[in-house]
Amino acid sequence: MSLIWTILIGFIVGLLAKFFTHGPKPKGFFMTAALGIAGSLLATFGGRALGWYAEGQSAGFIGAFIGALVVLFVYHLLIKNRTPSA
């Protein structure tokens with residue numbers, strides 16, 4: 001059940017993180033949601049690895065939001081150096 005909450009929170013914070021970042025935005029609703037879910041999962045499993053969360057406990061809203069911002073930052077770094085194909 002905690003994985004479902006992680007995905008749901010990630011979906012919401014992905015949308016919020018998109019509004020708080022500048023630069024090239026992920027295109028489309030589903031791409032933004034996927035990046036938010038990835039950030040939420042990053043916060044959950046990273047927090048468990050660091051001992052911040054117990055097994056079966058997911059990251060909270062703020063942790064998931066920070067995870068989504070980290071994933072969007074990495075996304076911006078990856079697409080920054082892409083050259084448009086003509």
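**Helix packing and burial**

Author: Helix 2 and helix 3 cross in a right-handed way. This is a predicted model, where local features need pLDDT of at least 70, side-chain atom pairs count only at pLDDT 80 or more, and totals for chains, interfaces and linings use all residues. Residues are numbered from 1 along each chain as its sequence is written, and side-chain values use heavy atoms, with hydrogens and water left out.

Reader: Why is helix 2 called oblique to helix 3?

Author: Helix 2 (residues 29–49) packs on helix 3 at about 120 degrees, with the axes 7 Å apart. Angles under 35 degrees are roughly parallel, over 145 roughly antiparallel, 65 to 115 roughly perpendicular, and the rest oblique. So helix 2 is oblique to helix 3.

Reader: Which residues of helix 2 and helix 3 make the contact?

Author: Contact means heavy atoms within 4.5 Å. Helix 2 contributes Met31, Leu35, Gly36, Ala38, Gly39, Ser40, Leu42 and Ala43. From helix 3 come Gly63, Ala64, Gly67, Ala68, Val70, Val71, Leu72 and Tyr75.

Reader: Which residues of helix 3 are buried?

Author: Buried means under 20% relative accessible area, with a 1.4 Å probe and protein chains only. In helix 3, Ala64, Phe65, Gly67, Ala68, Val71, Leu72, Tyr75, His76 and Ile79 are buried. Of the chain's 86 residues, 34% are buried.

Reader: What span is expected of helix 3?

Author: The expected span is 1.5 Å times one less than the number of residues. Helix 3 (residues 61–80) has 20 residues, and 28 Å is expected. From first C-alpha to last, helix 3 reaches 28 Å, close to that value.

Terms used:
Buried means under 20% relative accessible area, exposed over 50%, partly exposed in between (1.4 Å probe, protein chains only). Helices (H or I, at least four residues) and strands (E, at least two) are DSSP runs, numbered from the N terminus. Axes are lines fitted to C-alpha atoms, for helices over the stretch in contact, and angles run from 0 to 180 degrees between N-to-C directions. A crossing is left-handed if the near helix is turned anticlockwise from the far one by less than a right angle, and right-handed if clockwise.
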